[in-house]
Structures are given as C-alpha cells and as structure tokens.
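The sequence and structure come first.

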Amino acid sequence: MSKSISILTAEAIHLLKELITIPSFSREEDKTAERIGLFFTQKGIPHFRTGNNIYALNKYLDESKPTILLNSHHDTVKPNKAYTLNPFSPVEKDGRLYGLGSNDAGGPLVALLAAFLFFYDRPDLKYNLVCAASAEEEISGKNGIEYLLHSPSFNPPGRKWDFALVGEPTQMQMAVAEKGLLVLDCTATGIAGHAAREEGDNAVYKAIKDIEWFSSFRFPRVSDFLGPVKMSVTVIETENKAHNVVPSQCSFVTDIRVNELYTFEEILDIIKNNVTSDVQPRSLRLKSSAIGLDHPIVKAGLEAGRTCYGSPTTSDKALIPFPALKIGPGDSARSHTADEYIYTDEIKKGIELYVEMLGKVL
C-alpha cells in the first residue's frame with residue numbers, strides 16, 4: 001500500500017475537506033467518526049470504533065513487539081461570531097485551506113493518517129503502529145483518548161506501549177514538554193454580620209489575604225522548557241449580594257499551569273500550607289508531561305532539523321500514561337480563530353516529516 005508522498009498528500013487534503021463539511025463539536029463527533037471509518041474501509045484496512053473514537057492497527061501486528069500510538073483528535077470547538085467564511089465550507093485559496101478544524105487538529109490528523117498508510121503493510125517493522133482519531137479533546141472529555149486507553153479492545157493486557165506522537169499544530173516543531181492544568185475552587189469562610197455595626201468576620205478580607213499569596217508566591221523549581229508554575233485567580237464572588245451584609249463566605253477560582261518539575265500533589269500541599277481558604281481541585285487528570293531529549297523519536301526529530309520547546313497549552317498528551325511527543329503541521333496561534341486555515345503545503349511537509357522521523361525508529 002506504500003504510496004508516494006504526493007499521492008498521500010492529495011488523499012489527506014481530500015479527506016480534510018470532507019471532514020470540514022461535517023460538524024464535529026465535542027461530544028457530537030459521530031458523523032466525522034463515520035467518515036474516518038469509511039476512509040479506512042476504502043483503503044481495505046480493518047478499523048474499530050469505541051464511542052466516537054476510531055482506530056486501526058498495522059497489518060502485521062505482533063504483540064511481542066512494542067507499540068507506537070499515532071493520535072490526533074477530530075472534534076472541534078464551535079465557530080466564533082467573527083467568521084466571515086462558512087466554517088463548514090472548505091475553501092482553498094492562495095495555498096490555504098480554510099474551514100473549522102482545518103488547523104486544530106484536522107491537518108495534523110490527516111497527516112498522521114497518511115504516515116500510518118505509508119507504513120501500514122510493511123512486514124519488517126520493529127514496532128506495531130496504532131492510529132487513533134479520538135474524540136472530546138477540546139473539552140478534555142472522559143470519552144476520548146482516556147476512554148480508549150481504558151478499553152480492553154484498544155489496550156489489551158500485554159500490549160507494550162512505547163511512545164505516542166500526538167498530532168497538534170506545532171509548526172512541526174517538537175513540544176517535548178507540556179504544562180498541566182490544575183483548577184482550584186477556593187472558599188474563605190467568615191461570620192455574617194451587619195455592615196453598619198462591628199459584627200461578623202468578613203470572608204472577603206480573608207480571601208484577599210489568600211489571593212495576595214497566590215499573586216506573589218513563586219515556586220522555586222523553574223523548567224528549562226516550561227518556565228515557572230503560573231497561578232492566576234480568575235473568578236471571585238460572595239454568596240450574598242446585599243451591600244449591608246458582611247459575607248460569611250467568599251469563593252474564588254485559581255487557574256494553575258504546572259510545569260513538569262512538580263506533581264499536582266506537591267502543588268496542593270504547598271498551597272494548603274500557606275492559605276486559610278478551603279481548597280478543592282476540580283480534577284487531577286490534566287497533568288504536566290515531558291519526554292526525554294534522549295528518546296529515539298526526539299533524536300530523530302533533532303536529526304531532521306526540528307527544535308524542542310515547552311507547550312503552555314494542554315492536549316491529549318496530558319492523558320497518555322507513557323512518553324508522548326506533540327508535533328504536527330499548522331500553527332497553534334490559528335487555533336480557535338475566525339476563518340481558521342492551514343497551508344496545504346504544511347500538510348505535505350508534515351507527512352514528509354512524520355514519515356522521516358518514524359522511519360528512523362521503525
């Protein structure tokens with residue numbers, strides 16, 4: 001089945017255009033899942049569906065070999081009101097392909113699918129390949145890659161996962177590290193009273209002291225790729241709206257972007273030892289992650305002239321429990337913007353680089 005890069009590119013762009021025409025908001029990806037399944041069927045490749053996740057295995061799968069995961073997502077955010085083009089109508093102009101999800105992450109997805117096709121029927125691979133188009137990435141949903149990895153059919157006992165390539169728009173540079181996301185619901189508790197009298201214990205003042213700590217505290221471990229841990233208080237409110245009542249509770253939300261040098265548990269311990277508010281994490285799922293610079297796939301990228309960096313944004317990489325490298329065609333700065341686009345030449349170069357990097361390890 002191995003084909004030239006030019007043929008694979010043409011097929012990838014054709015598939016991307018079709019995917020653009022199909023709305024695939026998070027939790028509503030059933031139709032794009034069907035279309036990706038049809039793509040595998042048309043290539044004579046058996047495929048499997050778990051929820052709205054679609055995946056396929058290389059032809060000569062051998063469970064005694066380690067396995068590489070090729071993963072990107074097919075859900076999108078909803079188009080914003082600033083669109084001037086129809087977000088579901090693929091328009092190709094001046095080397096750009098416009099459409100919702102073209103850049104995030106349709107381009108990386110079809111480029112990974114093309115790389116999978118390139119190696120699909122090679123009998124001499126040192127690794128197995130599993131190509132997965134996952135759902136719910138944009139909302140970090142539990143029915144996406146995490147659901148797949150807990151599925152016995154996708155992840156049977158004994159399967160030895162070695163590493164993953166996660167397709168996201170990175171300009172084909174290597175995001176070797178990614179910040180984790182920890183969101184805290186914090187509640188300062190006081191005693192209600194009348195504002196006109198010396199009554200109560202104002203919860204707002206207690207919250208302010210804690211907010212000042214969040215604003216000024218600096219975690220000492222600074223990552224070479226991800227920099228320092230960043231904490232931002234983003235929401236604050238009290239339970240009452242009356243001007244003349246001293247509030248007994250004041251709640252605020254803290255957004256924390258965690259580098260790979262801290263566990264969430266360490267972060268929480270430090271915070272709880274320094275603030276008086278009750279602190280409750282919304283989730284401990286979206287952890288920071290990193291892949292070693294000495295990993296073979298990273299070395300392959302360096303040999304191909306790629307650079308390494310740390311990504312401030314989260315992706316399915318955070319939910320993959322083995323080494324993962326985030327890399328793909330397109331530009332993260334275009335994600336979620338009006339009149340989203342990707343250069344068709346970026347898709348071609350993405351396929352070429354995926355093939356080159358995988359070829360060095362396979």
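A helix crossing is called right-handed if the near helix is turned clockwise from the far one by less than a right angle, and left-handed if it is turned anticlockwise. The structure described here is a predicted model. In it, α1 passes α3 in a right-handed crossing.

## Helix α1 against α3

The axes of α1 and α3 are 9 Å apart, and the two helices pack at an angle of about 140 degrees.

On the α1 side, the contact is made by Ile5, Leu8, Glu11, Ala12, Leu15, Leu16, Leu19 and Ile20. Helix α3 contributes Ser102, Gly106, Gly107, Leu109, Val110, Leu113, Ala114, Leu117 and Phe118. By class, the contact of α1 with α3 has 13 nonpolar residues, three polar and one charged.

## Helix α1 against α8

Helix α1 (residues 5–20) also packs against helix α8 (residues 344–361): their axes come within 10 Å and cross at roughly 125 degrees. That angle makes α1 oblique to α8. The crossing of α1 with α8 is right-handed.

From α1, the residues in this contact are Ile5, Leu8, Thr9, Ala12, Ile13 and Leu16. They meet Thr344, Ile347, Lys348, Ile351, Glu352 and Val355 in α8. The contact of α1 with α8 divides into eight nonpolar, two polar and two charged residues. Ile5, Leu8, Ala12 and Leu16 are listed in the contact with α8 and also in the contact with α3.

## Helix α2 against α3

Helix α2 (residues 30–42) and α3 have axes that come within 12 Å and cross at roughly 20 degrees. Because angles under 35 degrees count as roughly parallel, α2 and α3 are roughly parallel to each other. Helix α2 passes α3 in a right-handed crossing.

Ile36, Phe39 and Phe40 of α2 make the contact with Leu109, Leu113, Phe116 and Leu117 of α3. The residues of this α2 and α3 contact are seven nonpolar, no polar and no charged. Leu109, Leu113 and Leu117 of α3 take part here and are also listed in the contact with α1.

## The cavity

How many cavities of 30 Å³ or more does the structure hold? There is one. The largest cavity has a volume of about 100 Å³. It is lined by 15 residues, of which Leu19, His74, Thr76, Gly101 and Gly106 are the closest to its centre.

Helices α1 and α3 (102–119) each supply at least two residues of the lining of the largest cavity. The largest share, four residues, comes from α3. By class, this lining has six nonpolar, seven polar and two charged residues. Leu19 and Gly106, both among the residues closest to the cavity centre, are also part of the contact between α1 and α3.

## The two largest pockets

The largest pocket holds about 410 Å³ of space. Of the 22 residues that line the largest pocket, Asp104, Glu137, Glu168, Thr313 and Thr314 lie nearest its centre. The lining of the largest pocket divides into six nonpolar, nine polar and seven charged residues.

About 170 Å³ of space lies in the second largest pocket. Its lining consists of Ser140, Leu181, Leu182, Val183, Asp255, Arg282, Ser283, Arg285 and Leu286. Strand β9 (residues 180–189) gives the largest share of this lining, three residues. By class, the lining of the second largest pocket has four nonpolar, two polar and three charged residues.

## Backbone geometry

Asp104 and Ala105 are joined by a cis peptide bond, with omega about 0 degrees. Ala105 is placed in helix α3. Asp104 is also one of the residues nearest the centre of the largest pocket.

Which residue has a positive phi although it is not a glycine? His336 does, with a phi of about 65 degrees. His336 is found in the loop between β17 (324–326) and β18 (341–343).

Definitions and conventions
Residues numbered from 1 in each chain as written. Predicted model: local features only at pLDDT ≥ 70, side-chain atom pairs only at ≥ 80, totals over all residues. Heavy atoms only, no water. 1 Å grid on protein atoms, 1.4 Å probe; cavity = no way out; pocket = protein on both sides within 12 Å on 5 of 7 lines; lining within 4 Å. Points joined across faces, edges and corners; volume = space filled by probe spheres on them. Nonpolar A, V, L, I, M, F, W, Y, C, P; charged D, E, K, R; others polar. Axes fitted to C-alpha atoms, helices over the stretch in contact; angles between N-to-C directions. Parallel < 35°, antiparallel > 145°, perpendicular 65-115°, else oblique. Contact = heavy atoms within 4.5 Å.
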